[in-house]
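Colleague: I would like a close look at one part of this model. Please take the side-chain pairs and keep it brisk.

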Amino acid sequence: MKVRAICSGFGRGFGIAIGLLTLSMLSGCASGPDNESLCATVSGYQMPDESQGLYRAVVTHLNGKPVISRPNYRLAPGEYQFTLAELIDSPRLKVKLAARQTKTLTLHLEANQRYHLAAQFNQDKIYRGLDTDYWQPVVWAQESHECEFLNESN
């Protein structure tokens, strides 16, 4: 009623136009995608193909902060740094325990994607002693995966 009273001096057509504009703006807000609920999943629980030199790895830090390792990390799209520890169990690995250090992998996560992490064991030569070049963290698989943050208010 207020729209009609305010716009009555401009004619009925103008009042209808204002009403339609308001309605379209409100419906645009209600029907647009909720980008805040979109997410990506980073997983480390699946066993990669060891015949390809891929082994499990666990996340120890996310963006430099220590985390409790878990199978999946649900995160908003964006750039993240994952620090991983390798779980390579191969008789070809001859390095000392002190060489088995964590490494960092930077990923740009996209919405509705799942990224599977692994340790790539470099088998181009026999690594010995304190040589840390025997592995690097990798994404061994990426797949479409519906991911949405749950609305806490429901």
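Is glutamate 143 buried, partly exposed or exposed?

Modeller: Bear in mind that this model is predicted. Glutamate 143 counts as partly exposed, at 36% relative accessibility. The cut-offs explain why: buried means under 20%, and exposed means over 50%. Its salt-bridge partner is arginine 114, with the closest N and O atoms 3.4 Å apart. This pair links distant parts of the chain. Arginine 114 sits in strand 9, and glutamate 143 in strand 11 (residues 135–144), 29 residues apart. Arginine 114 counts as buried, at 10% relative accessibility.

The count of salt bridges is two. Glutamate 86 and arginine 100 also meet in one, at 2.7 Å, N to O. Glutamate 86 lies in strand 6 (residues 78–86). Arginine 100 lies in the loop between strand 7 (94–95) and strand 8 (103–109), 14 residues apart from glutamate 86. Glutamate 86 is buried at 8% relative accessibility, while arginine 100 is partly exposed at 34%.

Now the rings. The count is two aromatic pairs. Tyrosine 55 and phenylalanine 121 have ring centres 6.2 Å apart and planes at 70 degrees, so the pair is edge-to-face. This pair, too, links distant parts of the chain: tyrosine 55 is in strand 2 (residues 54–55) and phenylalanine 121 in strand 9 (residues 113–121), 66 residues apart. Tyrosine 55 is buried at 7% relative accessibility, and phenylalanine 121 is buried at 3%. Tyrosine 80 and phenylalanine 82 form a tilted pair, 6.4 Å centre to centre, with 45 degrees between the planes. Both tyrosine 80 and phenylalanine 82 are buried.

Terms used. Residues are numbered from 1 along each chain as its sequence is written. This is a predicted model: local features need pLDDT of at least 70, side-chain atom pairs count only at pLDDT 80 or more; totals for chains, interfaces and linings use all residues. Side-chain values use heavy atoms; hydrogens and water are left out. Rings of Phe, Tyr and Trp (its six-membered ring) pair if their centres lie within 6.5 Å; planes under 30 degrees apart count as stacked, over 60 as edge-to-face and the rest as tilted. Helices (H or I, at least four residues) and strands (E, at least two) are DSSP runs, numbered from the N terminus. Buried means under 20% relative accessible area, exposed over 50%, partly exposed in between (1.4 Å probe, protein chains only). A salt bridge is a side-chain nitrogen of Lys or Arg within 4 Å of a carboxyl oxygen of Asp or Glu.
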